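Here is a short briefing to read alongside the structure. Please keep the viewer open as you go through the points.

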Amino acid sequence: MITLRNVEKFYEGGYGRTYVLRRINAQIASGEFVTIMGPSGAGKSTLLSILGMLDSAWTGEFEFLGHQVHRMKPKERVELNKKYIGFVFQSYHLIDNLTVYENLDIPLSYRNVKSSERAAIVCDALDRFRIVGKRDLYPSQLSGGQQQLVAVARAVIANPKLILADEPTGNLHSSQGKEIMELFKKLNDEGTTIIQVTHSEANAAYGNRVIQLADGWILGGGDTAQAG
Amino acid sequence: MHLAGDLRYGARQLAKRPGFTAIALLALALGMGATTAIFSVVDAVLLEPLPLPGSDRLLAMWEMDPALHRDRNFVAPVNYLFWRQRSRTVESMGAIHDVRANIAGGAGETEEAKVERVSASLFPMLGVRPVLGRFFTLEEDRPGGVAVAVISHSLWQRRFGGRGSLADLTLRVRGGIYSVAGVLPAGFSILEPGVDVWIPLGLAPGDRANNGRYLTVVGRMRAGATLARVRDEMAALGEESVRELPAVNTGWRPSIYTLRDELVFDVRRPLWVLLAACGMLLAMSCVNVANLLLVRGSGRRKEIAVRAALGAPRSRLIGQLLAESLLLALGGGLLGLALGAAAVAAVTRAGPVDVPRLAEAGFNIRMFGFALAASVVSGIVFGTVPALYGSRSDLVTVLNEGGRAGTSGRVSRLLRQALVVVEIALAVVVLIGAGLLIRSFVRMRAASPGFDPAGVLTLRVPLSGGRNDAPGRRIEFMTAVLDRIAALPGVRSAGAVNGLPLDGLGAGADFSVEGGSGPSPVRHPNALIRSVAGDYFRAMGIPLLSGRAFTAADNLSAKPVVLINRTLARAFFPGAEPIGRRLVVESTTTRVVEIAGVVGDVKPERFEGEDWPMIYSPNGQAPMSLATLVIRATGPLTPLVSAAAGEIRRLDPEQPIAGVRPMEAVVDRAVAGTRFNAVLLGVFAAIAFLLASLGIYGVVSFDVSERSSEIGIRMALGAMPSDVLAMVMRQGARMAACGIALGLAGAFALTRLMASMLYGVRPGDAWTFAMMPVLLAAVALAASYLPSRRAMTIAPVAALRHE
């Protein structure tokens, strides 16, 4: 599904380049549940942003489902994101001014799904994630766990092939975190590829592979490729 | 007593953000400047009492005939005498007959002057005192009384060098020698400005001429009487006078106004409309500043929360925020005052000449007081909502947000949007008002006044009182003048008339169609009467529709003939041939005249006025004493002025010449009021555009920066830049749509009040109601486009990391 070859990201500074990611080589197959781990500042979230097409300022080669991402224009990358990728963030990133229902509706509206179909899909998701009772509440009226549940529902609503989760349980207490991780596991079992960034060994245990990052380098777990 | 400290802190806060302060001050100065300037005009013209003692009891007394659409018609002397004798609620009355006459005496050549024949009762009734000498006695105000005159301060200075003694001072008026009895204070005028000479009216009871309507009557209410009581009593007197003199009074009744209302009759509505428009601009400025303060309040939530955590009661927080608003308002008021003083100077210079007392408008203590009051009220108005909202911080939430950029929440956002909606609605009202006036002006300029003013020179040749005034001499002199001028190179045709179009109604007379079935034997229709000489109709470009024009053969020994205008022909000879029919015209004498032709209509007084029936007589049969020459040139007009004057002087070196102006200037003056209103409201509309776009830009721009993380999330969830653009633009469009809908409803209700100011455009004019919102919507979208572009460039990663 994903192949990264010599992917690098850096900032130009007064003292030369500051690298955030160095010579990243990795392969991730469809159906995997991969965990990216490493200390703070290792470049985990940056790598996740690149994988999610949110960051286009990098060098190297990136293949995604047969598409040469490094050769694509920003607009085409957004199209890939829309078509295949769902996001879950540590701080949920629900939109404050929209209700639960409306938050779930957003990804569909950007994918030109007809409104009647959208209503059916959103209702289905509310049902599936057992948040029907919360549909008209605003995010500020939900607990952290409930908000993250909505965020996961929003990430999967457009039926993505890949879910990228950045510290999905970082702001939750352990039982809520466990519930979310069970949910990821279930989604993975159903065929969705998941890449999560986490500090938690327990969460990592839900996956089948760990990529270790430190100071922008892959220390291990990048499949066949290794840190150079 | 924390005000001083709050003000000091407020000043520091404002100084710390010069950009915010500058924009807020600019918005306030624009609204305040326009309002202060127009207030100053309204104050001088409408609110300041007349400079006469007890002026609130002074009345302008007219006659009206609703069937003839005459609301404020001159009064017949017979009725003036009747009212004066019978009225109990009006303690004294004076009558005025405005004329123009040639005067001579003291220094300088013979000149044409505005002269008022007035009753002896007039000056004592007004309560005015002469600066020198005395007014008329009752004996002098009788037919054949001693010829005395009272002169204006300016004439006294101009012709007599301000001489301290009036003994042996004489003035020749209309050929009669008058002793100067007194001098009026500088600037004195009653209803007609620029009068130089007052002579006794000398009404003779029982005179047949007393039945014609030509007097202006001014009265003073008895102390304790009200206008309503006076009107009731005068209505009863009107009914009595109909019974006593049905031939004169059937259909007529008294029509009474206060003198002040009379003076400002035509300008009151436009001035209030302009002031209302300014009030809307000021409200828009306040909304803008309130919005800016709300935005700033969002950025200061933490500061307010910390203050609250340290024990500040809410009242203190509100006080502190209001102190800042007040400072801003006072600053804006001061700038506005400077702007307003400059604007009012421009308005008094460029305003129409027929706005009474406009010259008195200017910077004064009342203007300053108004600006101060408006500033304080504005400061409270625009400061209260942000202060109430800003002081209501949720302590825990805000403090827990740490350094993170907080969102100010749905309420604040809705509040800001609601304010912008109100602002747009106000802008729509101002824009539609301006649009209607501008269209009126354009229509007026495009409308045909019934003649072609281009390339026509006019100049007055007043014969009254001069050596050419004898009836036989008038004809001879005018014929000679026109023959000579017509022969000048560069002259296509020349004629003369005793009342130019668009220059006033002038003389009128009752008439009837001989052998016609008039509406009532005692109720004759009224027509405007003109004498014309030479090739008047061709020189003015008034078409001859049927019959023939006058010729030199139409003289005193020939059959009396007239030309009538199209309005008269249509009204009194519908579907019939008027040529050859005869009219009985009742003026000082009764004349039976034959209709020789029909000419096109001209507007006698104003574009928006009705078409009057008009009867033209040849100068050879009805010699005029106040002639205006009309010269159509083949080329430029300037060289003709001295050439024409030269020819007149060659015939009579003492003949005065006055009022030299192109006919286009006459037309221009007739549209000056509408143009003035249109220009002013046009300027206000431009300010409204600016304020509305500033408001929309400010709110959308702030929302974009406040929602940058939301936009980042949306992009992470698949939003394309075009989706973001559409989302932000939609916000601006939604506010614009709501504001426009609200504004249209408001404009629909308010523009009805402008009906009397419009020409050729209805208050609900569909074109204006459609175009102005479209323009505003375009501006609104443009104002939201800039922040939308910025939103499109938001990098999702950066926005999310920010969170």
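Let's begin with a helix in chain B. Helix H23 (residues 766-792) of chain B has 27 residues, which at 1.5 Å a residue should span 39 Å, and its end C-alpha atoms are 38 Å apart, so the two values agree. Do keep in mind that this is a predicted model.

**Helix H23 of chain B**

- H23(B) has a kink of about 30° at Tyr785(B), shortly before the proline Pro787(B).
- Pro787(B) is also one of the buried residues of H23(B).
- Others that are buried in this helix include Thr768(B), Met772(B), Pro773(B), Leu776(B), Val779(B) and Ala780(B).

**A sheet in chain A**

- Chain A holds an open sheet of 6 strands with mixed pairing, in the order S6-S7-S8-S3-S9-S10.
- At its edges you will find strand S6 (85-88) and strand S10 (217-220) of chain A, each of which pairs on one side only.
- On average, neighbouring strands of this sheet are turned by 25° against each other, direction ignored.
- Strand S3 (residues 33-37) and strand S8 (residues 193-197) of chain A pair in the parallel sense, over 4 bridges.
- Within S8(A), Ile194(A) is the residue that stands opposite Phe33(A).
- Helix H6 (residues 174-189) of chain A lies across S3, strand S7 (162-166) and S8 of chain A, and runs at about 150° to S8(A).

**Where chain A meets chain B**

- On the chain A side, 18 residues are in contact with 15 residues of chain B.
- Helix H2 (74-84) and helix H3 (100-109) of chain A each supply at least two residues of the side that touches chain B.
- H2(A) gives the most to that side, with 3 residues.
- By type, the residues of the side of chain A that touches chain B divide into 8 nonpolar, 6 polar and 4 charged.

- As background, most residues other than glycine have a negative phi.
- Arg130(A), although not a glycine, has a positive phi of about 55°.
- Look for Arg130(A) in the loop between helix H4 (115-128) and helix H5 (144-156) of chain A.
- Arg130(A) has 10 other C-beta atoms within 10 Å, so it is exposed.
- Leu502(B), also a residue other than glycine, has a positive phi near 60°.
- Leu502(B) sits in the loop between strand S13 (491-497) and strand S14 (508-513) of chain B.
- Leu502(B) counts as buried because it has 22 C-beta neighbours inside 10 Å.

Conventions
Residues are numbered from 1 along each chain as its sequence is written. Chains are lettered from A and ligands numbered from 1 in the order in which they are written. This is a predicted model: local features need pLDDT of at least 70, side-chain atom pairs count only at pLDDT 80 or more; totals for chains, interfaces and linings use all residues. Two strands pair if DSSP finds at least two bridges between them. Axes are lines fitted to C-alpha atoms, for helices over the stretch in contact, and angles run from 0 to 180 degrees between N-to-C directions. Two residues are in contact if their C-beta atoms, placed from the backbone, lie within 7 Å. Ala, Val, Leu, Ile, Met, Phe, Trp, Tyr, Cys and Pro count as nonpolar, Asp, Glu, Lys and Arg as charged, and the others, Gly among them, as polar. The expected span of a helix is 1.5 Å times one less than its number of residues. The bend at a residue is the angle between axes fitted to the seven residues ending there and the seven starting there. A residue is buried if 20 or more other C-beta atoms lie within 10 Å of its own, exposed if 12 or fewer, and partly exposed in between; C-beta atoms are placed from the backbone.
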